[in-house]
There are 2 protein chains.
Amino acid sequence: MIEPDASRAPNRLTATEAAALISAGRLSSSTLVQSCLDRVALREPTVHAWANIDPAAAMNEARARDADAPRGPLHGIPVAVKDVIDVAGVPTGMGSRIYDGYVPFADAACVAALRSAGAVILGKTVTAEFAGVAPGPTTHPAAPDRTPGGSSSGSAAAVADHMVPVALGTQTGGSIIRPAAFCGVVGFKPSFGTINRAGLKLAAESFDTIGMMARDVDDVALIWRVLVGAGATSLQAPETSPRLLVFRGHQWDRAALETVSAISQTVRRLRERGAQVEELPVPDGFAELSKARVVINGYERARALAWELQHHAEQLSGAMLRVVDNGWAYSYDSYLAAVRLVESWRVRMADIIGAHDAILTAAVNGEAPMGLASTGDASFQEIWSLLHLPAITLPLATGPSGLPVGVQLAGRRLDDARLLQLAKWALNICTPPSPFESTDTGSS
Amino acid sequence: MIEPDASRAPNRLTATEAAALISAGRLSSSTLVQSCLDRVALREPTVHAWANIDPAAAMNEARARDADAPRGPLHGIPVAVKDVIDVAGVPTGMGSRIYDGYVPFADAACVAALRSAGAVILGKTVTAEFAGVAPGPTTHPAAPDRTPGGSSSGSAAAVADHMVPVALGTQTGGSIIRPAAFCGVVGFKPSFGTINRAGLKLAAESFDTIGMMARDVDDVALIWRVLVGAGATSLQAPETSPRLLVFRGHQWDRAALETVSAISQTVRRLRERGAQVEELPVPDGFAELSKARVVINGYERARALAWELQHHAEQLSGAMLRVVDNGWAYSYDSYLAAVRLVESWRVRMADIIGAHDAILTAAVNGEAPMGLASTGDASFQEIWSLLHLPAITLPLATGPSGLPVGVQLAGRRLDDARLLQLAKWALNICTPPSPFESTDTGSS
């Protein structure tokens with residue numbers, strides 16, 4: 001391990017670095033949390049990453065950790081939680097006025113797991129309305145006139161902006177990968193079903209997956225290990241030459257130049273470092289999956305929001321009302337046909353990936369678009385959510401405005417450990433951009 | 001349709017009959033609900049089916065339905081809801097003191113769907129602790145010294161005892177099929193993933209399925225259609241000769257004589273009425289599924305109860321603490337191995353069932369056992385939950401004490417409509433027992 005530089009502002013440390021310093025008695029949780037809170041105070045008026053943050057409560061938690069015996073691998077580490085995930089006693093806003101006044105009784109399973117490992121819950125981060133398409137107020141930390149992506153907008157922005165080292169997000173379509181890719185952080189959506197969802201407001205439950213964002217792969221792996229209970233082994237370089245499939249997909253006409261070149265460049269770099277990279281042509285019938293996704297997403301979201309629609313329809317956004325109305329219009333038979341198609345493709349994908357380690361593909365169609373009215377295009381993320389594969393985005397390229405463009409690796413189902421290992425290797429050998437240095441102001 | 005007998009006590013009508021009478025202006029929701037409440041008042045001191053019931057609130061809802069224009073197919077029909085499913089403003093107890101004081105903010109998706117169709121939520125029914133193994137106070141309505149089964153104990157007992165025509169339950173292992181079979185009602189667990197779980201407390205989310213209980217197949221089909229949004233077609237007799245596989249399973253040594261004979265008798269009757277019934281031998285390796293189930297169930301339940309364990313361990317039952325402790329002891333790798341095995345069997349089962357309509361198998365190992373300390377043996381139910389198949393139990397036989405013994409049909413995944421059709425046909429041609437007439441006292 002590289003010895004962390006204790007003279008760096010604590011909020012700029014990774015969680016892995018900070019945990020090592022805390023464990024060695026060279027950093028206190030209170031110092032770390034205060035440094036994050038200072039950064040929040042400085043930047044929040046521009047970034048609007050937080051739905052709910054209580055500095056005094058966070059500092060109390062940090063002081064309690066400092067007084068405690070070490071609990072686990074996250075002892076004293078601040079973590080942000082997307083505001084569709086319950087934290088006991090703290091409002092969950094769901095990105096909707098409908099939930100004004102809702103205060104959860106219990107922690108979500110994932111939050112309880114973080115606390116068991118010693119984490120300090122720093123606050124709740126802005127989500128698009130019900131983890132859907134209608135954005136909250138969050139801006140892109142490097143370009144406040146642009147969307148940070150969504151629906152895990154606040155989580156991505158807060159991590160990118162050094163307000164917190166790690167954050168939980170959720171992905172139904174592209175809600176972790178897209179904002180992480182736009183903001184230039186690492187975003188990881190684990191294999192469907194492996195991160196417990198008790199205490200999560202469901203969106204489309206066939207796809208909903210809890211995941212994490214951080215500024216490096218070690219940190220997402222650290223949080224992931226805590227949540228699944230995997231052993232605390234560090235990520236070794238692959239022992240054999242990685243075998244990748246590069247996939248440009250059935251929607252490649254949506255890719256901007258920076259995405260096209262990000263993929264070509266990454267393929268070249270990885271080949272130079274010994275990876276075997278083959279082209280994966282678009283399988284016959286693959287485009288049908290995008291249509292099936294729309295049906296399943298709409299059918300399930302409409303039902304998950306049945307109470308909200310009955311009692312508070314006037315407080316749902318127009319965008320959500322359209323999704324919900326379409327969802328109620330799909331027949332049960334059309335839903336079943338979509339589910340059958342998707343289930344058969346989940347099985348076929350295992351054969352298609354075969355002995356390859358992962359699929360290398362675009363994370364986003366380009367850098368974050370201008371404006372805050374949309375969180376961007378989900379085309380390049382949603383297919384992997386649908387297929388239940390683990391997926392990770394790495395900040396490997398930049399676009400014409402100097403903003404990040406992610407490159408995505410989608411792994412074999414349930415082989416998340418291998419994907420993380422591969423992602424660390426890929427991030428190490430490709431030089432990441434650092435677009436945020438320009439927004440840095442002094443020690444916080 | 002058979003013209004319902006309006007002179008029968010309203011609480012003894014099926015939901016389908018009552019809905020027809022209400023729709024024809026020959027019965028009011030208030031009369032029906034009052035009749036159910038009278039039955040509750042009479043029998044609850046013995047049966048203890050209800051975790052929470054507010055007669056005045058239910059009557060207010062019924063009167064509101066009587067004043068309303070018809071909303072949908074359940075207009076004015078009382079429905080019971082298992083106490084792990086949220087009803088806005090009414091405590092959800094989860095069968096645990098830990099949730100004392102918890103009042104949900106919103107209706108669960110399934111409850112909102114029932115209300116949209118005009119249902120009156122009569123009350124919350126007793127669940128085993130967190131839909132697990134530690135029973136609540138509910139007794140078997142026909143034999144108060146015996147378990148009604150669980151974990152949907154109150155739902156099954158309330159329906160069997162004519163306190164309510166239909167109830168929602170949930171099944172993770174055998175929590176709908178077992179109590180329904182013990183109590184002599186129809187219990188239906190739909191295909192996994194098809195009934196929206198927003199607002200359900202998760203137990204083991206790979207298996208958790210919301211389902212329904214009623215006193216006939218038409219009623220479970222009625223509720224099911226409302227929840228999935230299927231068309232309101234009635235259940236026709238099968239046009240072609242039903243093709244069944246009879247499966248005695250890898251745990252057949254657990255079957256009591258009454259279960260062995262229930263299956264043989266049912267096979268004989270169905271063959272007499274033209275069904276083709278073939279024997280399905282236990283597939284090689286099938287027994288491994290039961291071991292995998294224990295791992296997945298424990299791993300997921302432990303995580304879903306992480307907050308409860310952290311803050312209220314002393315209020316968890318000994319039985320649940322054992323499940324949770326075992327769950328935390330399983331490694332992530334052993335969980336993955338179990339999930340991989342089960343996922344491969346879900347695919348194989350489609351081939352095994354092939355063109356057959358359903359698997360005919362035992363619902364329970366025998367009639368309800370003596371005592372209230374255990375809810376009985378889940379062996380004959382849990383395998384179908386694990387495989388994500390739809391399953392239904394029919395009260396087709398009785399045991400040595402005259403108590404019901406269910407017979408189970410497990411259908412093709414996502415072909416719930418066909419299973420319901422087949423179940424109605426099977427129930428019609430086999431004479432069901434009527435063990436509850438003996439406990440009947442007068443008009444309610």
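1. Two residues are taken to be in contact when their C-beta atoms, placed from the backbone, lie within 7 Å. On that basis, and bearing in mind that this is a predicted model, the contact between the two chains takes 32 residues from chain B and 32 residues from chain A. On the side of chain B that touches chain A, the elements giving two or more residues are α4 (109-116), α9 (288-304), α10 (306-312) and α12 (332-353) of chain B. Sorted by class, that side of chain B has 19 nonpolar, six polar and seven charged residues.

2. In chain A, 11 strands form an open sheet of mixed pairing, in the order β1-β3-β2-β4-β6-β5-β10-β11-β9-β7-β8. Its edge strands are β1 (50-53) and β8 (276-280) of chain A, each of which pairs on one side only. From one strand to the next, the twist averages 30°. Within this sheet, strand β2 (residues 78-82) and strand β3 (residues 120-125) of chain A pair in the parallel sense over five bridges, and P78(A) stands opposite V120(A) in β3(A).

3. Two helices of chain A that pack on this sheet deserve attention. Helix α2 (residues 29-47) of chain A touches β1, β2 and β3 of chain A, and its direction makes about 15° with that of β3(A). Helix α7 (residues 217-228) of chain A touches β4 (166-171), β5 (186-189) and β6 (209-214) of chain A, and its direction makes about 145° with that of β6(A).

4. Chain B likewise has 11 strands in an open sheet with mixed pairing, ordered β1-β3-β2-β4-β6-β5-β10-β11-β9-β7-β8. Here β1 (50-53) and β8 (276-280) of chain B stand at the edges with a single partner strand each, so one side of each is left without a neighbour in the sheet. Elsewhere in chain B, strand β9 (residues 358-362) and strand β11 (residues 404-411) run antiparallel and are joined by five bridges, with A410(B) in β11(B) as the bridge partner of I359(B). Helix α3 (residues 55-67) of chain B packs on the sheet, where it touches β1, β2 (78-82) and β3 (120-125) of chain B, and its direction makes about 155° with that of β3(B).

5. Helix α5 (residues 153-160) of chain B is largely enclosed by the rest of the structure, because eight of its eight residues are buried. Among these buried residues of α5(B) are S153(B), G154(B) and S155(B), as well as V159(B). The helix α5(B) is followed by H162(B), whose phi is positive, near 60°.

6. The largest nonpolar core has 306 residues, of which V79(A), M213(A), V79(B) and M213(B) touch the most other members. Leaving aside residues up to four places away in sequence, M213(A) touches residues including S155(A), A156(A), V159(A), V166(A), I176(A), V186(A) and V220(A).

Conventions:
Residues numbered from 1 in each chain as written. Chains lettered and ligands numbered in written order. Predicted model: local features only at pLDDT ≥ 70, side-chain atom pairs only at ≥ 80, totals over all residues. Helix = DSSP H or I, 4+ residues; strand = E, 2+ residues; numbered from the N terminus. Nonpolar A, V, L, I, M, F, W, Y, C, P; charged D, E, K, R; others polar. Pairing = 2+ DSSP bridges. Axes fitted to C-alpha atoms, helices over the stretch in contact; angles between N-to-C directions. Buried ≥ 20, exposed ≤ 12 C-beta atoms within 10 Å, placed from the backbone. Core = buried A, V, L, I, M, F, W, Y, C linked by C-beta atoms within 7 Å.
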